[in-house]
Structure formats: C-alpha cells, structure tokens
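Q: I am new to this structure and would like to learn how to read it. Please take one feature after another, with the general idea before the case.

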Amino acid sequence: MKDQNQPEWRAKQIMDWLYVKRVQSFENMSNLPKKLRDQLADSFELNPLQVITVQKSKDGTIKFLYGLTDRHAIETVIMRHNYGISVCVTTQVGCRIGCTFCASTLGGLKRNLSSGEIVAQVIMAQKYLDETSDERIRSVVIMGSGEPFENYEATMDFIRRINDKQGLNIGQRHLTVSTSGVVPNIYRFADENWQVGLAISLHAPNQELRSNLMPINRRYPLSDLLKACWYYLHKTGRRLTFEYALIGGKNDQDEQAHELGKLLKEMNCLVNLIPVNYVPERDFVRTPKSQIFKFKRILESYGVNTTIRREQGHDIDAACGQLRAKHNEKINQE
Ligand code: SAH
C-alpha cells in the first residue's frame, strides 16, 4: 500500500476493528477516513476464508471446512474441554511429511498458508462463537493439517499476532505447536524464548519402527530428535508433550511401552496416548481399550506422566484432513 503517511494511532484503530470488533469489511471501519478505507480494500483481503461446511458433533466439537481465495480448502476445529474452548488450526494445505497413518498427507503438499490465513481461522471461530454464545476461545493448538515447522515464519508470525495484547490476546501458555520432528526448527523454536508449549509427534520408541511409520525419521533420526528435545527442556524449563498414536499391532504392545518408558524416564514430559483415528485409505486397526490402559500403566511404572486423549467429534469426520479429503473427492467427481 502506497500511502503510509498515517499517524501511528491509526494502526491501533485498525487492530481494534480486526481483532476486537471483528468486522468483515474495511467499509465498516467507520472511524477511518474514506480514502484510507478504500486504499485498504484495494490492497488487502479481509476475508481470506469462506465457510464451505460447518459440522457439529453431539459432544460440542465443531468442524469448519473453509475455502481459500485460490479454491483450496482447509479445516479448523473448535473443541470443548473442562478448562474451556480450544481451537485447532491448520498451517498448510495438505502436507508433505507422509506419516503412514495420517489423512492430511494423502494428496501431498499444495502450499503453505500465510500467517493471515492462520489468524483468520481463529477469528472466524471466535465470530462463530460470538453469534451463538458469549464463549471466548481460551487456547489454540497448532495441530491441524500440515507441518508448522515447515512453514516456520508464518507460524511464528501467527503466534505473535494472536498473542498480541491488541490482537486476540491469547496467552503464550495457552498456545501449543506440534511438530513431526523437524529438528533444526526445534532448536530455533527453543531459542525464541517463549512460553508457548511444544508437542512432538513421537509414535514409536525406536529408530526402525519410527522410520516405518514416519518417513521424516530417516531425515531427522530419533537420536537427533531427542537431543533437540533435551535442548528445548533446558532452554525453556517447560515440560514437553509427546504424542503417541496407538496403532493396533504396530506400536501398541507391552514391549514398546517398556521401550518408551526407558527412553523418556529422565525427561520432564507428558505422553499423550491417542487412540488412532480411523482413516478409510489406511489399513490399520485400533488398539483395544484394555491395552491402552495397560500401555499407560507400563509407562507410569517408569515415572512417565501419561494421559489418554479423550476422543472428540467421532460422529463428524474430526480426524485431521478427513473433511477436506471428502470435499476434494466431491470436486474431482464434478
Ligand atoms: N505435523 C504436525 C502437526 C499436525 S498432526 C505433527 O505431526 O505433529 C497433529 C497430530 O495428529 C500429530 O501428532 C499426528 O501424528 C496425529 N495424527 C495424524 N493422523 C492421525 C490419526 N489417524 N490418528 C491419530 N492421530 C493422528
């Protein structure tokens, strides 16, 4: 935009319209001069996301499918917990990491999202809540489709923007970013010196099995990943979360629980066991409940804090990438 001869306080006014009043057109920013409103409208996209579908689960989970301006589609999820409402945002259209159990990666990576497109997911979710209740988003997890550490700059910019006091003002401790293990950016992230939580998608206790499930483990081996995790722990003093999706017969046996317990017993961490979400394109079975509890007990016998993720939105395709995959299928048939 050319005309930058604006007083500084205009930026505050615009932030207020964007993040607090959450208007959908520059025209509605009534305390700005008409000329500036027109210039802004010519230079920026205020509505980068258009709602295609909203799915509501009986348990309160709400899943949005949004269309982007270039006709790609992405997903965002609102989840309800006893501590409040959280939103799960997407950072890329598709994904190139290739985890064998994941739906988001099936069509490969299409493109990175801009930080504005990630911010807009939270604003749109809050606007949706504004219309139906007076609930406020308490936390954001960067755990939707895509690998945030392969779209590092936009993800960090997103974090700064929603953390900003004049923005949505969501505290750093209420933000968590999840990575499949892009090691160099775990170091970079630790050096940001933030209080933002970090989750690592581990899913296996040894090099061979992890490489079978997650090809990224050949690029960044488990031993290097764990070194980066130690660096993060020392640098930030925060606890790390390890996500571990239990896949029947593959990584859910007692033997793997013991191996995982030995691997993590010295670490200040939490293991979050996730009963694997069914993806039609993938042929795996789910772990019986009794084995999930046993796996947890074994980990706890090594002093490793363990939780089992509560399943949400099972009636609404809530596993990452499933709604988008269905949408793409429909478009391809048309
Ligand atoms: N790329 C990042 C963040 C997005 S995926 C990452 O890998 O961490 C968010 C989490 O969902 C990851 O832990 C991922 O491994 C997990 N996940 C993917 N597909 C799944 C499935 N079918 N069932 C359970 N968890 C799955």
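A: A polar contact is a pair of N or O atoms within 3.5 Å; within protein, one atom must be able to donate a hydrogen and the other to accept it, and residues adjacent in sequence count only if both atoms are side-chain atoms. The model is a predicted one, in which local features need pLDDT of at least 70 and side-chain atom pairs count only at pLDDT 80 or more, while totals for chains, interfaces and linings use all residues. Residues are numbered from 1 along each chain as its sequence is written, and side-chain values use heavy atoms, leaving out hydrogens and water.

Q: Which residues around the ligand come nearest?
A: A residue is near a molecule if one of its heavy atoms lies within 4 Å of it. There are 17 residues around the ligand, and Gly146, Ser178, Ser201, His203 and Asn277 come nearest.

Q: How many aromatic pairs are there?
A: A pair of aromatic rings is described by the distance of the centres and the angle of the planes. Rings of Phe, Tyr and Trp (its six-membered ring) pair if their centres lie within 6.5 Å; planes under 30 degrees apart count as stacked, over 60 as edge-to-face and the rest as tilted. The count here is 8 aromatic pairs. In one of them, Phe149 and Phe189 have ring centres 5.5 Å apart and planes at 50°, so this pair is tilted. One aromatic cluster is formed by Phe149, Tyr152, Phe189, Trp194 and Tyr232.

Q: Are Phe149 and Phe189 buried or exposed?
A: Buried means under 20% relative accessible area, exposed over 50%, and partly exposed in between (1.4 Å probe, protein chains only). Both Phe149 and Phe189 are buried. Ser145 is buried too, at 7%, and its side chain makes a polar contact of 3.0 Å with the side chain of Ser104.
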